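Keep the viewer open as you read.

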Amino acid sequence: MAPPEIRQVVLDILERIAPDEDLTDLDDSVAFRDQMELDSMDFLDIVMELRKQYRVQIPEDEYENLITMDSTVDYLTPKLADVPAGV
Amino acid sequence: MRYHTVIIGAGMSGLAAGIRLAYYEKPVCILERHTTIGGLNSFYRLRGRNYDVGLHAVTNYAEPGTRTGPLAKLLKQLRLRWDDFDLSPQNGSSVVFPGYRIPFANDFAAFVENVCDVFPQQADRFRKLVIHINDYDETSLSNEPASARQVLSEFLSDRTLIDMLFCPLMFYGSATPHDMDFSQFCIMFKSIFEEGFARPFKGVRQILKKLTRHYKELGGELKLRHGVREIMVEDGRTTGVILDDGTEIEAEHVLSSAGHVETLRLVNGEWKMENGAEGVLHAQYSIPPSGEISFNEAIFVLDCQPRELGHDETIVFYNDAQQFHYEPPTEPLDLRSGIICSPNNFRYADGEQLDEGYIRITSLADPDYWMSLPDDEYYPAKEEWGRRMVESAIQHIPDFRDHIIDTDIFTPRTIKKFTGHLKGAVYGAPRKVLDGTTGIDNLFLCGTDQGFLGIIGAMLSGITMANNHLLR
């Protein structure tokens, strides 16, 4: 998957976790936490959704990479490089 | 088949935990001894009518679209939408003591003003207490136990006000007599006074059926009429359960909502009673004390809406004595205090209204009395004490006795039958196990003895234990 597809994957996950949030104006360079109501339980869910859907393992000390959309996509790009889009 | 997790009990906490596990594709099975789901909060049909048991109101109410707080967190974790629970807010409730009445609705600022109006001498002190409560992180799993009475007495000097604040919080969640743990006090204070009451139009079945459908759609298994006789343990680690009929079910983890003592009693092995009960020989696990707070509730069906009799309050918490006594009574019931709830008195969407009127009256009960009565005395005693409960309640609401068309009453014996809690302890054991561990590897607790309270709390308990212990 390429970065634009990975971004969509993360957006889909956020939508599933927080269906009442409006994500159309999400700023990719600003922390999720500052734009949405996300707590530690929700971050754990992002990690678990990625594991469920793409078998990506994210160790606990690397959660800090999931702060903004930009940092998340950067972090996931090598991990999802071999995963075909639309899986 | 070997499950990732077997969950004991299809109540709010077990179903919520099951949804989390099933959502993340763990093979999970919920075992429920009874013919129906729900446990303490359940529903039934009797003589052609729907009844709820347990739930008077859902606490922790939040307006649709609210993105913070326990209800929002719960919905996100379960991947449910706000509409799924169909909550309608209360009309308004009150705490009534001799000479004092504090009304409250789902408007915390108004509640604070009402307290300050009724107790002007305590106003500044009360506002400081509210700040202290709001700054306190009551859901931290590492909080040390602290006496709420001790904390409140550091802020407030009026015993009546302290008792009036305790009254609804104790009635709706305290497993301990006289006092509460301060964390538990804060959970209840926020869920009742700051957030408030609501109810689905269809009652608790709306929530339970939604949870069950969601759980099954995610691939979770639910087995009714499957009671657990024993939790298998080898080398300090659980390996599964044995059913009442002797069938063994293997599981990597067991999550039990049966209660702390009740769960440990299912473990094969030997015991020591803590606080030195006699006859103890060899100690492998220690057994904590079980709870003793239980209630009778009389549910009256009326031929009219309570509003037509001049009663439109949702819940009245009353106490007629000089001091509020929250403890197992020496009489079969304590008629000095109680809860009066009308499920009609919520603001249902589009002005919809339940077909018939309901009044539910709840009183503290002596579990030993109701457990030990022979059947031929039990049924007449329920009726007789039900009559006395009404006499006590109509000091506070209009006399509705001429309008009663049906009655059903439950006692500690009923609660024990449906929850398995020893003595019918509604809120479980006095000492909670916040981290849910049992001393046995891979055996965890959820539900009332883990310690999050109320309907929303029960579901959050299942979610938190699943997240912390079973999904890492």
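Chain A has 87 residues, and a compact globule of that length would have a radius of gyration near 12 Å; chain A has 12 Å, so the two agree. Please keep in mind that this is a predicted model. Taken along the principal axes, the C-alpha atoms of chain A fill a box of roughly 30 × 25 × 20 Å. Of the 87 residues in chain A, 21% are buried.

What is chain A built from? It has four helices and zero strands, and reading along the sequence gives the pattern α-α-α-α. The contacts say something about how that sequence is folded up: among contacts in chain A between residues at least 6 apart in sequence, 62% join residues at least 24 apart.

Helix α1 (residues 3–17) of chain A packs against helix α4 (residues 69–80) of chain A at an angle of about 115°, and their axes are 9 Å apart. The crossing of α1(A) and α4(A) is right-handed. On the α1(A) side the contact is made by A:P3, A:I6, A:R7 and A:V10, while α4(A) brings A:M69, A:T72, A:V73, A:L76, A:T77 and A:L80. Sorted by class, the contact of α1(A) with α4(A) has seven nonpolar, two polar and one charged residues.

Now let's step across to chain B by way of the contact between the chains. This contact takes 12 residues from chain A and 13 residues from chain B. Which element of chain B gives the most to the side that touches chain A? That is helix α2 (residues 70–78) of chain B, with three residues. The residues on the side of chain B that touches chain A divide into six charged, four polar and three nonpolar.

Inside chain B there is another helix pair to find in your viewer. Helix α3 (residues 108–118) of chain B and helix α4 (residues 123–135) of chain B pack at an angle of about 150°, with their axes 9 Å apart. Because angles over 145 degrees count as roughly antiparallel, α3(B) is roughly antiparallel to α4(B). The crossing in which α3(B) passes α4(B) is right-handed. Here B:V112, B:V115 and B:C116 in α3(B) meet B:A123, B:F126, B:R127 and B:V130 in α4(B). By class, the contact of α3(B) with α4(B) has six nonpolar, no polar and one charged residues.

B:T160 sits in helix α6 (residues 159–171) of chain B. Is B:T160 buried, exposed or partly exposed? It has 19 C-beta neighbours inside 10 Å, so B:T160 counts as partly exposed; being buried would take 20 or more. Leaving aside its neighbours within four places in sequence, B:T160 is in contact with B:F97 and B:Y100. B:R205 is 45 residues from B:T160 along the chain, and their C-alpha atoms are separated by 37 Å.

The second residue, B:R213, lies in helix α8 (residues 204–217) of chain B. B:R213 counts as exposed because it has 11 C-beta neighbours inside 10 Å, where the limit for exposed is 12 or fewer. The C-alpha atoms of B:R213 and B:D334 are separated by 40 Å, and these residues are 121 residues apart along the chain.

Technical notes
Residues numbered from 1 in each chain as written. Chains lettered and ligands numbered in written order. Predicted model: local features only at pLDDT ≥ 70, side-chain atom pairs only at ≥ 80, totals over all residues. Contact = placed C-beta atoms within 7 Å. Helix = DSSP H or I, 4+ residues; strand = E, 2+ residues; numbered from the N terminus. Nonpolar A, V, L, I, M, F, W, Y, C, P; charged D, E, K, R; others polar. Axes fitted to C-alpha atoms, helices over the stretch in contact; angles between N-to-C directions. Left-handed = near helix turned anticlockwise from the far one by under 90°. Parallel < 35°, antiparallel > 145°, perpendicular 65-115°, else oblique. Rg over C-alpha atoms; globule rule 2.2 N^0.38 Å.
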